[in-house]
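Subject: Structure handover and findings

Hello,

Here is the structure for your files. My notes on it follow below.

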Amino acid sequence: SNVKEDNPASLGIRAQSLSVFAYVSVYVMVKVFQAADATDLVTELRRSFDDGVTRGYEWRVTQLKKLLLICDNHEPEIVSALHDDLGKPELESSVYEVALLRNSINLAVKQLKDWMAPDKVAKTSLTTFPASAEIVYEPLGVVLVISAWNYPFLLSIDPVIGAISAGNAVVLKPSELAPASSSLLAKLLEQYLDSSAVRVVEGAVTETTLLLEQKWDKIFYTGSSRIGRIIMMAAAKHLTPVVLELGGKSPVVIDSDTNLKITAKRIIAGKWGCNNGQACISPDYILTTKEFSPKVIDALKQELEAFYGKNPMESKDMSRIVNSNHFDRLSKMLEEKEVSDKIVYGGQKNRDKLKIAPTILVDVPLDSQIMSEEIFGPLLPIITLNNLEECFDVIRSRPKPLAAYLFTQNQKLKERFALTVSAGGIVVNDIAVHLAVPTLPFGGVGESGMGSYHGKFSFDAFSHKKAVLYKSFIGDAAIRYPPYSTGKLRLLKALVNSNILEIFRVILGLS
Amino acid sequence: LSWDSQLNICSDSLSLSLSLSPVNPGCFLRKRVRLSAMAKVFEAADASNLMTELRMSFDAGVTRGYEWRVSQLKKLLVICDNHEPEIVSALHDDLGKPELESSVYEVALLRNSIKLALKQLKNWMAPDKAKTSLTTFPASAEIVSEPLGVVLVISAWNYPFLLSIDPVIGAISAGNAVVLKPSELAPASSSLLAKLLEQYLDPSAVRVIEGAVTETTLLLEQKWDKIFYTGSSKIGRIIMMAAAKHLIPVVLELGGKSPVVIDSDTNLKITVKRIIAGKWGCNNGQACISPDYILTTKEYAPKVIDAMKQELEAFYGKNPMESKDMSRIVNSNHFDRLSKILEEKEVSDKIVYGGQKNRDNLKIAPTILLDVPLDSLIMSEEIFGPLLPILTLNNLEECFDVIRSRPKPLAAYLFTQNQKLKERFAMTVSAGGIVVNDIAVHLSLPTLPFGGVGESGMGSYHGKFSFDAFSHKKAVLYKSFIGDAAIRYPPYSRGKLRLLKALVNSNLVEI
């Protein structure tokens, strides 16, 4: 049967060699994880946090180094689980999940002392003199990370790196739609990390709902906008702050002055080369001029064949579609009236193998399904414009996406795009690579999410920035205190406005 | 949307307090008429028209340029400069607030805030350059601060000008269109704010909506790009839940019970003066960072009480009920709430100073209590009034557990000369902000983020934090077509995999 994220009734698993093992463990899980378990879990972790287990530098570094060990010692198993769950090619698993995680951990280990140190606030104004002030980074407490199925290791461990660096106890809920990965994550984290403060809870809607009823100090969710709303609403009951890493339709604008060969290669690598289009920052649709569009299509066809051969359905270098539910969703999109006849490349499908060939369409109706929801698959519509200028209105008329891309050599166009197109992030002349730059905050805006992470932003996402002001008993100004008088009022106003001249005037009785 | 009974009582008591108000009996009829006129004017269609209009202004670019933002900020400065007497008068009508408090703690602070924004705006608006690594070479990266769009600021009744205009300063600096909903519990201030902002600011992008629950509910149904709320934790939940429906990010500036720990080595005279100034001298205890209760040793408590009695008399005289240097209680609803807190069994007999009440004048004398039960009302909810319980401990050490066992407050205070104690307090007590050896003054330091954690809120503002609160930090990565590495592209091979991994891990030797 099909496993839907939002179907509370079905916990069925597809018939695969994995199914019996998985079924038994799920059955055991259902018996194991109930309301009392959720409460006990949080109570236990809160006790660990209150005892100070997670606060020290040593503990955090130890946990991070254990995560590194997981990456170093278990890469083949990770690659294998990702292949089971998604048909993900080894290169993608090794590079876009494990290697990126290694980077993330290494950076955190290197920078942690820096990140943990309070920020001195250099100037204290005349108003609060004499004083010193700083911003102290404090862990929030016990946090929940809910991960997604498409990059199950990256999207689980990267936020956990942030949570641990910042000194929190953390519960990870991996996606049940990638069961081998979920199971391996549970096994490895339990084996290597401090289970008094870091836990994995496997499960689906029921378990997630039970977790969401608890009072967390932060919830970090990666997934769809629809579920994002549900998460935020549950969080609101406890005033729990959230980071929501959602999705959207990331547009790619192609200018006719671009280097077309490299443009096409980068788009293909960013789309089909990243989990076969099933990624939050996948190029969703292309915008280019009517005039340039045939060249774009030809370039894409040429490079697609160079990458995946004449029979892309046979290529081992692409993930498959994750499950039959998504396969049917994508099929339906393709088969829609006025859409199916716009296919100019690809379109082949195989439900048994859960494969859909790289497919390009031209000028589908703007209100078609494929142009209304995030595609999250190997279909790439091209929308042609009379004038490239129109791309700004097209993009602006739609919900804000997680990423927006532009390929051009026109400096003015680059600047205008970067300044006026509102998206989580913008990349000019490439696809997706901004997520590998730890000095850039990675997150959405509007429908594509709130909050951000990566690098120090991960540490900040799981910290409370606490203002601390130290004052002295010296220099206690009587003017603050009642009974009030006009003189006191004038002096105090002058002081607050740091109006030195006025201060002297009042003191000298000249005002 | 169901509002809690407290809000309903507030609405009812609005008409009740208006009829009872000894301050402006003649106002009653006028205000009543205006309220019903407002009820006729602002309906569902009005809320969505308002949103449409502001969004059109924003999309047309009205608010984006530096000049517009500066001109609006300067107009706010003109309001402060030209209308201070009216502001002082409105605050006196609504709260009985003394002129010194209105002038210094509302108007002067606002002037500071506006001037800082004017001085720093160019800096704040400029993108932040970000460093890139070998992985994405060659590239350049930056973080662009982008306005969110059309934002909603919901203000509170206790500092109606400060808490309305300070967030609006942030919204405007960041280039947003903004709607302000002042609190109806301070009607003269609400009305003056509406009049002045309409008179001075650009109505195509800055608007004030007056009203109560009905109007606020209608506003909350719209799709804002941010909601900034100041008020109670209870309503904060409602706001966040409404925001969740549209994935609207929020800043919630809430409250809590801010503890004051007094060490026996402190300078007692100054300590006590600062506590009194910070409590009764700030809107008579009706402030979000008001000292709520004191923690000190059994041994030291008598000295604390004596010192407080002495300074209270110095400040407010032998008949504090007659003193003009304190705000009154805002309305009879809150008066009754505070009376009830005082009259509770096992609490009323713990009064060691004050306790006098006058419902007609809405006055309660500065009241100190000693060792009330920990589960009494006065120790369960935020007091927000002129009552100050002192809890005694055997050992000052116990204060950490007492504070930790309660919801995280907006502020926590410590008076001591013990350096180690200061450091330990600052590091381990979790609150929005910490002040050592003074009360409340951290909010006037623009380099410190002002906001809560846990029950006391999420997000922060003041200074650049205000600008950031209303901005989207958009990552922008510019890549070149030069140096296009074939190793990224399928078909994948062992060699490509190894090289790519080495590159991502910046492993030069391996490369």
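A salt bridge here is a side-chain nitrogen of Lys or Arg within 4 Å of a carboxyl oxygen of Asp or Glu. By that rule B:Glu142 pairs with B:Lys129, with 2.8 Å between the closest N and O atoms. The two residues link distant parts of the chain, B:Glu142 being in strand 2 (residues 139-147) of chain B and B:Lys129 in strand 1 (residues 128-130) of chain B, 13 residues apart. Helices (H or I, at least four residues) and strands (E, at least two) are DSSP runs, numbered from the N terminus. B:Glu142 is buried, at 10% relative accessible area, whereas B:Lys129 is exposed, at 71%. Buried means under 20% relative accessible area, exposed over 50%, and partly exposed in between (1.4 Å probe, protein chains only).

Please note that this is a predicted model, in which local features need pLDDT of at least 70, side-chain atom pairs count only at pLDDT 80 or more, and totals for chains, interfaces and linings use all residues. Residues are numbered from 1 along each chain as its sequence is written, chains are lettered from A and ligands numbered from 1 in the order in which they are written, and side-chain values use heavy atoms, with hydrogens and water left out.

Other salt bridges

The whole structure has 51 salt bridges over all chains. One of them joins A:Asp217 to A:Arg46, at 3.1 Å between the closest N and O atoms. A:Asp217 lies in the loop between helix 8 (205-212) and strand 6 (218-222) of chain A, and A:Arg46 in helix 2 (residues 35-50) of chain A, so this pair ties together parts that are 171 residues apart in sequence. A:Asp217 is buried, at 12% relative accessible area, and A:Arg46 is partly exposed, at 25%.

A:Asp430 and A:Arg266 form another salt bridge, at 3.8 Å from N to O. Here the loop between strand 16 (425-428) and strand 17 (449-450) of chain A holds A:Asp430, and helix 10 (residues 260-271) of chain A holds A:Arg266, so the pair ties together parts that are 164 residues apart in sequence. A:Asp430 is buried at 0% relative accessibility, and A:Arg266 is buried at 1%. Both belong to a network of salt bridges that also links B:Lys479, B:Asp484 and B:Arg488.

The interface

The contact between the chains (heavy atoms within 4.5 Å) takes 114 residues from chain A and 114 residues from chain B. Together chain A and chain B bury about 9,100 Å², 62% of it on carbon and sulfur atoms. Buried area is the accessible area (1.4 Å probe) that two parts lose on being put together, summed over both. A:Leu239, A:Phe473 and A:Tyr484 supply 10% of the area that chain A buries against chain B, more than any other three residues.

Eight salt bridges cross the interface of chain A and chain B. A:Glu447 forms a salt bridge with B:Lys223, with the closest N and O atoms 3.3 Å apart. On the side of chain A that touches chain B, helix 5 (residues 90-116) of chain A provides the largest share, 10 residues.

The annotated site

UniProt, in an unreviewed entry, places the feature "active site" at B:Glu253; UniProt positions are given in the numbering used here, feature names are shortened, and annotations may be inferred rather than shown by experiment. B:Glu253 lies in strand 7 (residues 250-253) of chain B and is buried, at 3% relative accessibility. Leaving aside neighbours within four places in sequence, the contacts of B:Glu253 include B:Phe228, B:Tyr229, B:Phe450 and B:Tyr461.

Regards
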